[in-house]
Amino acid sequence: METSRIPGFYNMTVEERREIIAKLYNITDRSQLFSEQPLKTETADKMIENVIGTFPLPLGLGLNFLINGQEYAVPMAIEEASVVASASYIAKIVRGAGGFQTEATERIMIGQIQVVGCEDIYAAKRAVLEAKESLIQAANAAYPSMVARGGGAEGLDVRILNEDASSAYSQMLVVHLYVDTCDAMGANIINTMVEALAPTVEELTNGKVYLRILSNYADRCLAHAKCVIPPKLLKSEGFSGEEVRDGVVHAYEFAASDPYRAVTHNKGIMNGIDPIVIATGNDWRAVEAGAHAYAARDGHYGSMTSWTVDGEGNLVGELELPMSIGTVGGATRVHPMAKLALDILGNPSASELAQIMVAVGLAQNLGALKALVTDGIQKGHMALHSRSVAIAAGATGEMIDIVAEKLVQLKEIRVGKAEEIMETYKDDR
Ligand code: MEV
């Protein structure tokens, strides 16, 4: 897209925003995409079991994102107020510093085969390694379209777990199959491959195979985002840029050293990532599980991001995470809103999408930390939360803003209070 800066977007009506997006993305048939029930019940009924309906979430656009010199308006599906506003606010600051720089490793996903009961576990390991090339070939024969797409199985490893264990249950051999899944998340591809290899692995090892499944710890499928922000861009009411910068670094050190804080800090990062994972029809449980495991990769659970100060006094933020997501397969193309989200992102490759996700996660983290080390989170939160409370109390149209503003003034953000305020307006009429 030309620019992800759309001044005043926040204050437009939903219809005006849809109008702009339809024009920007050449969406001619708006009826289905912007309908009140974009996921039809019949479609939902084919996606999961025992369907009784669908469960919509607000879909907003994170604006102002400049990533590797490219503009992105980022679709985010989330129920929590402040998240989209905060991501867009930080993206605006970061674009003033040249935007986010991102990169990604190859997209290699891992399939695991668990083998137990081997009489000689070392001989079993040797046998599997000797058959490595034929096992890789067999894996590719089980899913030939992956090779045609330029990916497929390309490596294999064997690990012995609990080597010295006395219990017969705990000693095992684990075969890792490494698969380039291209633009797919890869769960089906990998599960098909490892299931196909299992009988041969049993023969080679003289053992018994139990589990044959993808690992969600995708540590060979990483995306990395970085931003470098001069302190003058961080200045906010009552706080110098240096004060904000130092506060953010102190906040990071807290999360890096304390799991109680790290979990909340990382939850704030996933506030930015999950909404994109959801909006693009990806599996957010897989991304969440992998991200938290990666945050504990050195044996202690810490911060997913790092915030430091460089030689010129700039604030430097970095985030690296495993990203088991895709842009083909699964719900990415079945769900009409996921299709719309991918269209809005310019139909990125899985690698590009993963990089957008970590850039937004990094922005979200800075948004939370900047608020926490200055005014506190409640000020901005309450202003937005007050709108939901007003709606919950039955306010509609312009009454939402009137009631919300009054709630903030009174510092009492409660549905009961909102109802009282609405009553006074009724009396005034
Ligand atoms: C709230 O959804 C997220 C925060 O708690 C994150 C954080 O504390 O860093 C504000």
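## A buried phenylalanine and its partner

Phenylalanine 100 is buried, with a relative accessible area of 1%. In this predicted model, tyrosine 217 and tyrosine 294 form an aromatic pair of the tilted kind, with 6.5 Å from centre to centre and 55° between the planes. Two aromatic pairs are present in the structure. The other is formed by phenylalanine 65 and phenylalanine 100, which are stacked at 5.8 Å centre to centre with 25° between the planes.

Phenylalanine 65 belongs to strand E1, whereas phenylalanine 100 sits in the loop between helix H4 (83-95) and strand E3 (101-104), so the pair ties together parts that are 35 residues apart in sequence. Phenylalanine 65 is also buried, and its relative accessible area is 0%.

## The tyrosine pair

Which parts of the chain does the pair of tyrosine 217 and tyrosine 294 link? Tyrosine 217 is in the loop between strand E7 (208-215) and strand E8 (222-229), while tyrosine 294 is in helix H11 (residues 284-294). These distant parts of the chain are 77 residues apart.

The accessibility of each tyrosine can be stated separately. Tyrosine 217 counts as partly exposed, at 28% relative accessibility. Tyrosine 294 counts as buried because its relative accessibility of 7% is under 20%.

In soluble globular proteins, nonpolar side chains tend to be buried together. In this chain, the largest nonpolar core has 57 residues, and Phe65, Ile273, Leu321 and Met323 are those with the most contacts inside it. Helix H13 (residues 350-373) gives the most to this core, contributing 12 residues.

The surroundings of phenylalanine 65 can be described in detail. Apart from neighbours within four places in sequence, phenylalanine 65 is in contact with residues including Ser4, Gln70, Glu71, Tyr72 and Val74. Its contacts also include Ala87, Ala91, Arg95 and Phe100, as well as Ala359, Val360 and Ala363.

Is asparagine 191 buried or exposed? Asparagine 191 is buried, with a relative accessible area of 19%. This residue lies in helix H8 (residues 187-205). When residues up to four places away in sequence are not counted, asparagine 191 touches Ile213 and Leu214.

Aspartate 274 is located in helix H10 (residues 259-279). At 13% relative accessibility, aspartate 274 also counts as buried. Its contacts, leaving aside neighbours within four places in sequence, are with Trp284 and Glu288. Between aspartate 274 and glutamate 195 there are 79 residues of separation in sequence and 30 Å in space, taken from C-alpha to C-alpha.

## The loop between H3 and E1

Isoleucine 48 is found in the loop between helix H3 (41-47) and strand E1 (59-67). Isoleucine 48 is exposed, with a relative accessible area of 55%. Together with Met47 and Val334, Ile48 forms a nonpolar patch on the surface, and the three have about 260 Å² of accessible area together.

Asparagine 50 also has its place in the loop between H3 and E1. The phi of asparagine 50 is near 55°, a positive value in a residue other than glycine. At 75% relative accessibility, asparagine 50 counts as exposed.

## A second residue with positive phi

Serine 82 is not a glycine, yet its phi is positive, at about 85°. Where does serine 82 lie? Serine 82 is in the loop between strand E2 (70-77) and H4. Serine 82 is buried, with a relative accessible area of 15%.

## The chain as a whole

The chain contains 16 helices and 10 strands. Its C-alpha atoms fill a box of roughly 85 × 55 × 45 Å along the principal axes. Of the 429 residues in the chain, 48% are buried.

Among contacts in the chain between residues at least 6 apart in sequence, 71% join residues at least 24 apart. The accessible surface of the chain comes to about 21000 Å², and 52% of this surface belongs to carbon and sulfur atoms.

Technical notes. Residues numbered from 1 in each chain as written. Predicted model: local features only at pLDDT ≥ 70, side-chain atom pairs only at ≥ 80, totals over all residues. Heavy atoms only, no water. Core = buried A, V, L, I, M, F, W, Y, C linked by side-chain atoms within 4.5 Å. Buried < 20%, exposed > 50% of the residue type's maximum accessible area, 1.4 Å probe, protein only. Helix = DSSP H or I, 4+ residues; strand = E, 2+ residues; numbered from the N terminus. Contact = heavy atoms within 4.5 Å. Patch = residues over 30% accessible without salt bridge, like charges linked within 9 Å, V, L, I, M, F, W, Y side chains within 5 Å. Areas by Shrake-Rupley, 256 points an atom, 1.4 Å probe, with all protein chains shown as cover. Salt bridge = Lys/Arg side-chain N within 4 Å of Asp/Glu carboxyl O. Phe/Tyr/Trp six-rings, centres within 6.5 Å; stacked < 30°, edge-to-face > 60°.
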